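Subject: Structure handover

Hello,

Here is the structure I promised to pass on. Please open it beside this email and follow along.

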Amino acid sequence: MSVDPARAKVSVEHASKTYYFCRADCADQFRAAPEKYLAAKAPAPAFAVEYTCPMHPEIVRRGPGACPICGMALEPRTALVEEGENHELTLMTRRFWVSAALAIPVLVLGMSDLIPGRPLQQYLSVRAIGWIEFVLATPIVLWGGWPFFERGWASLVNRSLNMFTLIALGTGTAYVYSVAAVLFPNIFPASFQQTPGEVPIYFEAAAAITTLVLLGQVLELRARSRTSAAIRALLRLAPKSARLVRDDGTEIDVPIEHVQPGDILRVRPGEKVPVDGIVVDGRSSVDESLLTGEPIPVEKVPGSRVIGGTVNAMGAFTVRAERVGSESMLAQIVRMVSEAQRSRAPVQQLADRVSAFFVPAVVLAALLTFVIWSAFGPAPKMAHALLNAVAVLIIACPCALGLATPMAIMVAAGRGALAGILVKNAEALETVEKVDTLVVDKTGTLTEGKPRVTHVLPAPDDFEAQVLGVAAALERPSEHPLAGAVLAAAGEREITPADVGEFHYHTGKGVTGVVSGKRAALGNRALFAELGTSLGPLEEQARELESTSGTVMFVALDGKPIGLIAVTDPIKDSTPDAIERLRHDGIRIVMVTGDSQSTADSVASELGIEDVHAAVLPDQKREIVKQLQSEGHVVAMAGDGVNDAPALTQADVGIAMSTGTDVAMESAGITLLAGDLRGIARARTLSRATMRNVRQNLFFAFAYNALGIPIAAGVLFPFFGLLLSPIIASAAMTFSSVSVIANALRLRHLEL
């Protein structure tokens, strides 16, 4: 709709209001149909926020509610900057406190028989105590526990039995039985009677179970809200406004949503960088630690890229905005983390298979418990049978089993993002710990990816300016890292590149086109062999330069070689340490590059890498990965360019550098925001800790149910005379779910 008046070029009056526009065509559309234009540009309503289930991410709703599969409360699909009011938590908290207040006297009355001297019985008859319990327990069960009955009924309607099915059955059975015992005690046979004419009631069990389950829901909802803390921390990095430098040189603060690509923005000391862009003027150090995990500020000079949300430490500078809004790096990080948190790890399949028959098996176990106790139990048989069947229903916790993996993945994805490790999906996070072979590209991965021209050697009868001019013209449309080096060298020599026509990119070889009416080529030996162009006397010069100066590119005009250009790409300062850490971790390092063998050997020798594949095309990189996989290796591929995309996709897990191309990031399962291979070691630490956490959760959930259900059924009674009260079973069930979430939250403090 309309924009900030300070940015406007056109203003239009409509319905006693003034609307401002940056573009004349938008103003024309508004004049033609103002109501239609306003409706089309109106912001989405608040209820458009999507909600999903942490256990079943395929469930997406337009508003809050309960999952039709597991009954859990839905939560926002994407975290908001401010947590806001959690209506589900508010509702459950209110129900819990009211239920707890009523449950205390119910428990006192229900356990009055255990008080020495039975003082209450001196003033109240057994029937009167039953009626008081009935009055107090009814609002607890029917009002406090109403959400559980709703979700239990929905589970039957949807044919998806879950935890709330068991809770509704257990509390409902205990409550209905107790109501009948108070209202119609004479209908019960002797097998139900504790003493002649006295039928035991279990209002205290129904009330306590409901209250404890409500407490569990409150604790669980609070814990679940903390799993999105990392995303909220990232969202808070985004500044609310930016200082716009207008065409006349004046400056004004504008809302961040009004910034557009191409705007010039000033960043003062201590301020956050408002958007992704390129430094135009000035120099400073920028703290990028909250995005990359690297604590040392990064020096920024004209031409350097900056990321929105990072903090300017010292000097002032101006930035040309490039990516704003949803296109910014910060927005992409938040989106990727949100998607990763909702993805499902392969290890989750085990829990899914168990959950499919878990609840029916528990119901069957409860029925079997009832039958056995009613046939062989002590008097009153039916009362014992009912109590133990309810305990079996209540103690079983499919929720702990279902939460074991999703909670750990959610917390780990957020923790990784704060350390500069972007995980695209849970499968990638699970696979990283299994990797035994790392295939790495050279340019931009092992090296800085910021090459510079060191030599321009013309052929006899040609000139340096001509060689560099033709090369610069061909590199203008290219996105290859070497193109920037050639264009920078041409700029330093004040050479203006000519226009190029019929531009064609030869993957892994070079580029061709028409420059000033002549056929031109720039590339490696493979390109010149493909074109049938002899290198002539340049061959010997190229070999000498390749042994000391890195990559050599040949330049030809009308089928004749006119010179060569040598480019050096320095090894990153962090690379030797990263390689050493990975090698110490038992990882085999394989370097693949499109550069010549001599250039590759020079870099490999400096880093101590023995497996080297040079002069390979993108498809050949993929074939190398496939070959390693066929030998039984779990392969990770690290790269940053378009030509790495096939290999990144083929690998068991692709690892991209954020300093590289968008294609590489889209093809990879993990992105390292710092563009530093040490991030792979940190990613493996995160993966190990996460999967260890998942295994702990799954073990606890399986062990808890495997031990709890038989104990609740009464297997200890014949040996030790011990029975598990449904109240204790309820407390144990509550503890199981909360403990799984609490264990997952430990990953927030993982040292990477």
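Strand β25 (residues 635-639) and strand β26 run parallel and are joined by four bridges. Helices (H or I, at least four residues) and strands (E, at least two) are DSSP runs, numbered from the N terminus. Two strands pair if DSSP finds at least two bridges between them.

Some ground rules before going further. This is a predicted model, so local features need pLDDT of at least 70 and side-chain atom pairs count only at pLDDT 80 or more, while totals for chains, interfaces and linings use all residues. Residues are numbered from 1 along each chain as its sequence is written, and side-chain values use heavy atoms, with hydrogens and water left out.

**The sheet**

Back to β26. A636 has V653 as its bridge partner in β26. A638 has I655 as its partner there. β26 also pairs with strand β27 (residues 670-672), in the parallel sense, over three bridges. In that pairing, M657 stands opposite L672 of β27.

How covered is β26? Mostly: five of the five residues in β26 (residues 653-657) are buried. Buried means under 20% relative accessible area, exposed over 50%, and partly exposed in between (1.4 Å probe, protein chains only). V653, I655 and M657 point one way from β26, G654 and A656 point the other way, and all are buried.

Now zoom out. Seven strands form an open sheet with mixed pairing, in the order β15-β27-β26-β25-β16-β23-β24. β15 (421-423) and β24 (611-613) are the edge strands, and each pairs on one side only. On average, neighbouring strands of this sheet are turned by 20° against each other, direction ignored. Helix α21 (residues 597-607) packs on the sheet and touches β23 (588-592) and β24. The direction of α21 makes about 155° with that of β24. Contact means heavy atoms within 4.5 Å. Axes are lines fitted to C-alpha atoms, for helices over the stretch in contact, and angles run from 0 to 180 degrees between N-to-C directions.

**The rings**

How many aromatic pairs does a search of the whole structure find? It finds 10. Rings of Phe, Tyr and Trp (its six-membered ring) pair if their centres lie within 6.5 Å; planes under 30 degrees apart count as stacked, over 60 as edge-to-face and the rest as tilted.

One of these pairs is F148 with F164, which is stacked: 5.9 Å centre to centre, 20° between the planes. F148 is in helix α5 (residues 146-157) and F164 in helix α6 (residues 163-183), 16 residues apart, and the pair links these distant parts of the chain. F148 is buried, at 2% relative accessible area. F164 is buried too, at 1%.

Y177 and Y202 also form a stacked pair, with 5.8 Å centre to centre and 25° between the planes. Y177 lies in α6 and Y202 in the loop between α6 and α7 (203-226), so this pair ties together parts 25 residues apart in sequence. Both are buried: Y177 has a relative accessible area of 8%, and Y202 has 11%.

Ring pairs also link W131, F134, Y175 and F203 into a cluster.

**Charges over rings**

The charged end of R151 sits over the ring of F164, 5.2 Å from its centre. R95 lies over the face of W143, at 5.0 Å from the ring centre. Here the rule is NZ of Lys or CZ of Arg within 6 Å of the ring centre and within 35 degrees of the ring normal.

Best wishes
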